[in-house]
Amino acid sequence: MNDRRKIQWIVALTVFFAFISGLTLLVFFQVSPDKSRRFLTDLQHHSGYFLTVAICILVGVIILVDMVFRLFIVPLNKLVEEISLIGMANSRHRIKVDGGLLFRGLVQAINAIAVRFEAIQKYDQEKIQNIKAEVEKERNILAAILAELPEGVLVCNATGRILLYNQQAKQFLSQYAGAAFEGKQPETQSDAFVGLGRSIYNVMDKNQIRHALDEVDGKLKCNETNVVAYFVAVGSAGELLRVEVLPVLDHEKAFTGFILIFQDITRHLQAAGRFEGTLTSLAREIRASSAGIRATIEAILTYPDMDKAQLDRFRKVIHKEAVMLGAIIDKMGIDGNGQRKTEWPLVRTRTSDLLKMIGKKALEKLGAVIRIAESQPEYDIQADMYALTQAILFILIRIREDNGAAEFAGRLERKGNFVHLDLSWSGRPVKIDMLREWGGMLLHIEEERLPFTFKEVMGHHGAEICAYSDPLKNNESSLRLFIPACDDVVSEKTRRVTILSQSRPEFFDFDLFGHVDTLSEVAHCHLTELSYTVFDTETTGLDPGGGDEIISIGAVRIVNGRLLREESFEQLIDPRRSVPSASIRIHGIQPEMLQGRPHIDNVLPRFHRFAADTILVAHNAAFDMRLLQIKEKTTGIQFQNPVLDTLLLSAVVHPAQAVHTLEAIADRLGVSIVGRHTAMGDAIATGKLFLKMIPLLAEKGILTLQEALTASRKTFYARIKY
């Protein structure tokens with residue numbers, strides 16, 4: 001029994017009992033006692049007659065109440081809902097006279113006003129569209145420029161939520177880069193999703209970004225002009241990416257976000273490696289030629305009286321080796337042209353900053369103390385601070401594991417073109433074989449991982465390491481790092497700090513800069529603040545518990561009140577069972593279209609990652625969620641996201657409407673459905689309907705996610721079980 005019927009029965013019974021009570025009071029208080037006794041006697045003898053009369057009266061009251069409801073109350077409620085619909089969701093909607101004949105004149109007047117309202121709204125929309133067209137034109141220019149950039153560009157707010165990216169950045173980061181840390185090939189399917197409102201920390205190493213932001217913050221505090229930090233990351237296809245990190249400041253110069261710029265340096269580093277190999281080969285040839293010349297000249301000097309023929313042969317040898325030596329030198333000039341500068345992001349760094357960082361990290365990660373002598377000299381080096389710090393910490397961990405050392409002494413000294421960084425400890429020295437073994441190991445320090453070996457990081461810095469013991473100090477062992485010193489002022493590429501003006505940008509509106517990361521308290525967040533994954537499934541049938549399987553999932557994201565069609569998820573699925581012809585007639589998915597497609601066990605983990613940190617939205621969500629719930633045992637995937645159902649929300653905003661199918665709601669709200677009964681088509685339609693419902697919910701005082709969920713549970717349709 002729905003709520004309307006309950007109210008009708010309550011009203012009818014109230015009227016009936018009020019009538020009976022009034023009649024009884026009239027009989028007993030308005031007539032004489034003799035007549036009252038006579039009336040009771042007649043009632044006992046003719047109880048059937050009186051009961052029939054009472055029932056007729058009750059039926060008459062019920063019919064009267066029902067007529068009042070049908071002719072007045074229900075049409076009036078529908079009239080209120082439909083007026084609200086015209087004003088807030090669909091100005092093209094017109095009220096139909098289908099029972100409320102008494103309101104015919106009122107309905108006609110409202111429809112006439114609606115026509116004028118639609119005309120005014122259309123005029124305003126045209127003006128808004130003209131303004132939007134100009135803005136869109138400028139946005140398209142910006143998008144085209146970003147798309148043509150060879151570098152990847154990605155902008156995040158202060159909490160790391162992505163608010164802008166170009167296609168190059170998406171290609172660099174969209175696949176699971178974490179496999180590179182384990183020496184695996186990246187997967188062919190996209191597992192790490194780049195999208196508006198998503199966290200950058202889901203697709204990149206959080207520690208590297210945090211370190212870079214700390215470096216940027218230090219430069220801002222020191223009022224440096226070149227406020228930029230660098231590090232190397234691994235891309236989707238295993239390529240090495242040079243990453244520049246720049247801050248975004250608000251009009252008061254407070255940190256409000258950051259920009260990441262990606263450049264593929266794989267080929268450059270490979271070329272640099274080939275150049276180093278060439279130098280080694282040429283050095284070997286030079287030594288061979290110079291040794292030949294030297295040996296020939298020594299023979300001439302040793303035997304000054306040798307015959308002329310022998311002397312001529314030696315002269316020819318010298319000439320031949322000299323020509324070869326000249327060719328080698330020429331080749332060095334050609335091969336070395338343009339190869340001297342490495343693409344590894346090395347930044348001019350003070351040794352005091354390096355020592356301070358090493359000491360801080362050693363205490364945090366190892367619980368080890370590094371004592372630095374006072375009045376240490378200051379030198380400049382070229383370094384990737386994060387990578388070099390990780391490399392030194394890696395060696396300290398190996399030393400601690402090898403002999404238990406937990407306290408180190410650090411010393412700096414400049415000799416020639418190198419800065420010597422000495423790290424000493426009490427205990428046995430490191431063997432050369434052990435040092436070589438460590439050199440080939442990947443840099444893994446707890447949760448922080450770099451996909452490079454210690455030797456690779458040292459090589460990119462042009463640095464070397466050796467172990468030694470001081471014979472004058474008993475039981476003290478040391479490691480010495482030889483780091484190239486930096487004397488000349490290097491002209492670094494200067495990046496201007498991005499400062500947001502107090503007014504909105506002229507050609508782009510980055511609303512997400514003002515958003516806070518509220519996902520931990522979503523229940524009390526406004527519906528307009530949240531990110532959503534709107535999804536739909538197509539199945540082999542309508543009985544999830546009876547063995548029907550999902551054959552298609554379509555999903556699209558809503559971020560900041562926008563339906564992002566370019567950030568979608570669409571996948572056909574092999575159900576490993578037959579598809580009934582009755583189902584095929586509905587969704588049109590033929591069995592041959594599903595052959596070779598992945599199974600649901602492979603698809604659900606990807607969809608789970610796609611929907612991470614969002615609210616799930618579906619029409620008749622109970623059915624779709626039951627399908628996902630059944631797969632929990634086999635896949636181990638649990639969707640614990642909050643769920644909103646547009647069917648229930650429609651019943652909340654339009655309780656007087658009898659039909660809440662997707663088509664009926666779309667007709668009321670003026671939404672066209674393209675691709676009905678396809679997972680993606682229905683998901684997009686559901687997303688549009690949901691966006692239209694948000695202001696209708698707000699009109700009823702339903703503003704937050706918790707309020708929407710509570711109101712949904714109170715509807716009649718929430719009792720449907722699958």
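How many helices and strands does the secondary structure of the chain come to? The count is 21 helices and 20 strands, taken from a predicted model.

**Figure 1. Overview of the chain.** The chain has 722 residues, and buried residues make up 43% of them. Among contacts between residues at least 6 apart in sequence, 68% join residues at least 24 apart. The views that follow show individual parts of this predicted model.

Figure 2. Strand β6 spans residues 347-350. Val-347 and Thr-349 make up its covered face, while Arg-348 and Arg-350 make up the uncovered one. The partner is strand β8, residues 380-383, joined to β6 by 4 bridges. The two strands run antiparallel. Thr-349, from the covered face of β6, stands opposite Ile-381 in β8.

**Figure 3. The open sheet of 5 strands.** The strand order is β7-β9-β10-β14-β13, and the pairing is mixed. At the edges are β7 (369-372) and β13 (464-469), each of which pairs on one side only. From one strand to the next, the twist averages 25°. Within the sheet, β9 (residues 407-415) and β10 (residues 418-426) run antiparallel and are joined by 7 bridges. In this pair, Ala-409 stands opposite Ser-424 of β10.

**Figure 4. The largest nonpolar core.** This core contains 49 residues. The members that touch the most other members are Leu-388, Ile-392, Ile-395, Leu-396, Ile-399, Phe-408 and Phe-454. Helix α10 (residues 385-403) gives the most to the core, with 12 residues. Apart from it lies another core, of 35 residues, with Cys-525, Val-556, Leu-696 and Leu-697 among them. In soluble globular proteins, nonpolar side chains tend to be buried together.

**Figure 5. Surroundings of Phe-454.** Phe-454 is one of the residues of the largest nonpolar core that touch the most other members. Leaving out residues up to four places away in sequence, Phe-454 touches Ala-391, Phe-394, Ile-395, Trp-438, Gly-439, Met-441, Leu-443 and Ile-465.

**Figure 6. Leu-442 in strand β11.** Strand β11 covers residues 442-445 and includes Leu-442. The relative accessible area of Leu-442 is 32%, so this residue is partly exposed: the value falls between the 20% limit for buried and the 50% limit for exposed. Val-457 is 15 residues from Leu-442 along the chain, and their C-alpha atoms are separated by 10.0 Å.

**Figure 7. Buried residues of helix α15.** Helix α15 runs over residues 600-610. Its buried residues are Ile-600, Val-603, Leu-604, Pro-605, Arg-606, Phe-607 and Phe-610.

**Figure 8. Packing of helices α18 and α21.** Two packed helices are described by the angle between their axes and the distance between the axes. For α18 (residues 646-653) and α21 (residues 705-713), the angle is about 85° and the axes are 9 Å apart. The helices are therefore roughly perpendicular to each other, since an angle of 65 to 115 degrees counts as such. Leu-648, Leu-649 and Val-652 of α18 make the contact with Ala-708, Ala-711 and Ser-712 of α21. By type, the residues of this contact divide into 5 nonpolar, 1 polar and no charged.

Definitions and conventions. Residues numbered from 1 in each chain as written. Predicted model: local features only at pLDDT ≥ 70, side-chain atom pairs only at ≥ 80, totals over all residues. Heavy atoms only, no water. Buried < 20%, exposed > 50% of the residue type's maximum accessible area, 1.4 Å probe, protein only. Pairing = 2+ DSSP bridges. Core = buried A, V, L, I, M, F, W, Y, C linked by side-chain atoms within 4.5 Å. Contact = heavy atoms within 4.5 Å. Axes fitted to C-alpha atoms, helices over the stretch in contact; angles between N-to-C directions. Parallel < 35°, antiparallel > 145°, perpendicular 65-115°, else oblique. Nonpolar A, V, L, I, M, F, W, Y, C, P; charged D, E, K, R; others polar.
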